[in-house]
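Hi there,

Here is the structure I promised to pass on to you. Have a look at it first, and then read my notes below.

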Amino acid sequence: MKSLLLLALGLARTVVLGARIEAERIVVSVRPYKREQRRCPVCGRACDFYDMANRGAPRLWRAMDLARSACYLEYAPCRVRCPEHGVRTEAVPWARHGARFTRDFEDWVAWLAVRCTASAVSELARVEWHGVGGVCRRVYAELEAARGASRFDGVRRIGIDETSYKRGVFHNN
């Protein structure tokens with residue numbers, strides 16, 4: 001069962017501890033591999049333990065749906081003291097820093113956002129529509145960091161064709 005959940009949720013460097021059904025959702029208890037724990041979310045360096053985040057209460061990350069049920073990953077992260085970045089909540093391999101969604105879920109939502117309206121994306125993904133913007137910002141920032149340069153570096157002028165703006169839409173003045 002645990003290997004099935006790892007495969008279905010696309011989890012890497014993660015151990016599944018168990019799963020339970022709560023009302024209309026599935027909650028999967030997980031933890032990072034031992035060598036992946038206590039890492040700085042900014043630089044990825046292994047750091048010293050500082051304290052338990054949220055007094056040891058587990059956090060939930062929204063994952064891809066399983067069999068038409070919302071799925072969440074549950075883990076109680078600690079805070080670490082990085083010599084370079086100070087005290088931070090440890091990085092987890094299934095999510096970007098500061099996100100309450102898994103990496104796969106955010107990638108899917110960002111892909112949908114390029115092709116649909118924010119309200120359509122929020123309905124399909126079953127998330128708040130204003131959360132879609134935060135997801136897109138995190139995915140875009142990661143893509144830009146991997147690319148090494150902003151897509152707007154070197155841009156000096158932007159032209160807008162006013163005659164074709166909203167072409168075909170009637171305006172009642």
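A word you will need first: a residue is called buried under 20% relative accessible area, exposed over 50%, and partly exposed in between (1.4 Å probe, protein chains only). This is a predicted model, in which local features need pLDDT of at least 70 and side-chain atom pairs count only at pLDDT 80 or more, while totals for chains, interfaces and linings use all residues. Residues are numbered from 1 along each chain as its sequence is written, and side-chain values use heavy atoms, with hydrogens and water left out.

Let's start with the charged pairs. A salt bridge is a side-chain nitrogen of Lys or Arg within 4 Å of a carboxyl oxygen of Asp or Glu, and the structure holds 14 of them. In one, the side chains of Asp 65 and Arg 126 meet at 2.4 Å, N to O. This pair links distant parts of the chain, 61 residues apart: Asp 65 is in strand 4, and Arg 126 is in the loop between helix 3 (118-125) and helix 4 (129-147). (Helices, H or I with at least four residues, and strands, E with at least two, are DSSP runs numbered from the N terminus.) Asp 65 is partly exposed at 32%, and Arg 126 is partly exposed at 44%.

Another salt bridge joins Arg 103 and Glu 142 (2.5 Å, N to O). Arg 103 lies in helix 2 (residues 103-115) and Glu 142 in helix 4, so the pair ties together parts that are 39 residues apart in sequence.

Now for the sheet. Two strands pair if DSSP finds at least two bridges between them. Four strands form an open sheet in the order 1-2-5-4, with mixed pairing. Strand 1 (14-22) and strand 4 are at the edges with a single partner strand each, so one side of each has no neighbour in the sheet. Strands 4 and 5 run antiparallel and are joined by 6 bridges; Leu 66 stands opposite Ser 69 in strand 5.

Finally, the inside. A nonpolar core is a set of buried Ala, Val, Leu, Ile, Met, Phe, Trp, Tyr and Cys residues joined through side-chain atoms within 4.5 Å. Which residues have the most contacts inside the largest core? They are Leu 9, Val 28, Val 30, Leu 73 and Trp 94, in a core of 16 residues. Helix 1 (2-9), strand 2 (25-32), strand 4 (59-66) and strand 5 (69-75) each supply at least two of its residues. A second, separate core has 11 residues, including Phe 105 and Val 139.

Enjoy exploring!
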